[in-house]
Amino acid sequence: MKVCIILSLLFVTLTAFGFEYTGPETELILLINEERKTNNAPLLILDWELARLARLRTEEMKTHKLFDHESLIYGSPVELLDRFRISYTLAGANIAKGQETPQDVLEAWQKSESHHSNIIDPNFTSAGVGLSWDDNGIAYWALLLITNQALP
């Protein structure tokens with residue numbers, strides 16, 4: 001039964017306020033939550049606004065052939081969140097380029113201490129993933145994470 005539920009979630013497209021959230025992005029959140037569960041961290045809640053901003057970042061990286069946490073247009077991930085009036089007390093971001101599947105992205109992030117730390121940080125409560133493909137089939141991924149409650 002659990003497998004059926006997970007598989008059905010992988011292929012669902014969520015739509016909120018004109019924003020469509022696709023299968024690979026949803027799958028990456030599910031994989032991240034599995035990793036969090038393994039590390040006794042609470043599961044992340046999918047936030048469509050964060051997903052929209054993560055997609056905005058991947059579109060920018062694709063368009064400008066840019067691979068950097070700093071956006072040419074929006075600045076740092078924190079400046080991006082502030083510009084779009086996202087309320088948070090803690091924020092983090094991971095990016096990836098070239099990985100074709102959500103599993104490949106997760107594996108790459110697990111090999112990086114800072115990226116893995118973001119994934120399993122129990123303080124993060126909400127997340128959004130963006131994915132964009134360029135004309136050459138190169139994938140650009142972004143994960144935005146926030147805590148929107150007071151920290152202990």
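Modeller: Happy to! Let me start with how axes work: they are lines fitted to C-alpha atoms, for helices over the stretch in contact, and angles run from 0 to 180 degrees between N-to-C directions. Helices (H or I, at least four residues) and strands (E, at least two) are DSSP runs, numbered from the N terminus. As for the source, this is a predicted model, where local features need pLDDT of at least 70 and side-chain atom pairs count only at pLDDT 80 or more, while totals for chains, interfaces and linings use all residues. Residues are numbered from 1 along each chain as its sequence is written, and side-chain values use heavy atoms, with hydrogens and water left out.

Colleague: Good. At what angle do helix 2 and helix 6 cross?
Modeller: They cross at roughly 85°, and their axes come within 9 Å. Helix 2 and helix 6 are therefore roughly perpendicular to each other (angles under 35 degrees count as roughly parallel, over 145 as roughly antiparallel, 65 to 115 as roughly perpendicular and the rest as oblique).

Colleague: And which residues meet there, helix 2 to helix 6?
Modeller: From helix 2 you have Ile32, Glu35 and Arg36, facing His116, Asn118, Ile119 and Ile120 of helix 6; contact means heavy atoms within 4.5 Å. By class, this contact of helix 2 with helix 6 has three nonpolar, two polar and two charged residues. In that scheme Ala, Val, Leu, Ile, Met, Phe, Trp, Tyr, Cys and Pro count as nonpolar, Asp, Glu, Lys and Arg as charged, and the others, Gly among them, as polar.

Colleague: Then what does Glu35 contact?
Modeller: Leaving aside neighbours within four places in sequence, Glu35 is in contact with Gln110, His116, Ile119 and Ile120.

Colleague: How many salt bridges are there by that rule?
Modeller: The count comes to five. One of them pairs Glu25 with Arg55, the closest N and O atoms being 2.8 Å apart. Glu25 lies in helix 2 and Arg55 in helix 3 (residues 48–64), so the pair ties together parts that are 30 residues apart in sequence. Glu25 is buried at 0% relative accessibility, and Arg55 is buried at 19%.

Colleague: Which residue does Glu60 pair with?
Modeller: Arg57, at 2.6 Å from N to O. They are three residues apart in helix 3, so about one helical turn separates Glu60 and Arg57.

Colleague: Last one: where is Trp141?
Modeller: Trp141 sits in strand 6 (residues 139–147), and is buried, with a relative accessible area of 0%.

How values were computed: Buried < 20%, exposed > 50% of the residue type's maximum accessible area, 1.4 Å probe, protein only. Salt bridge = Lys/Arg side-chain N within 4 Å of Asp/Glu carboxyl O.
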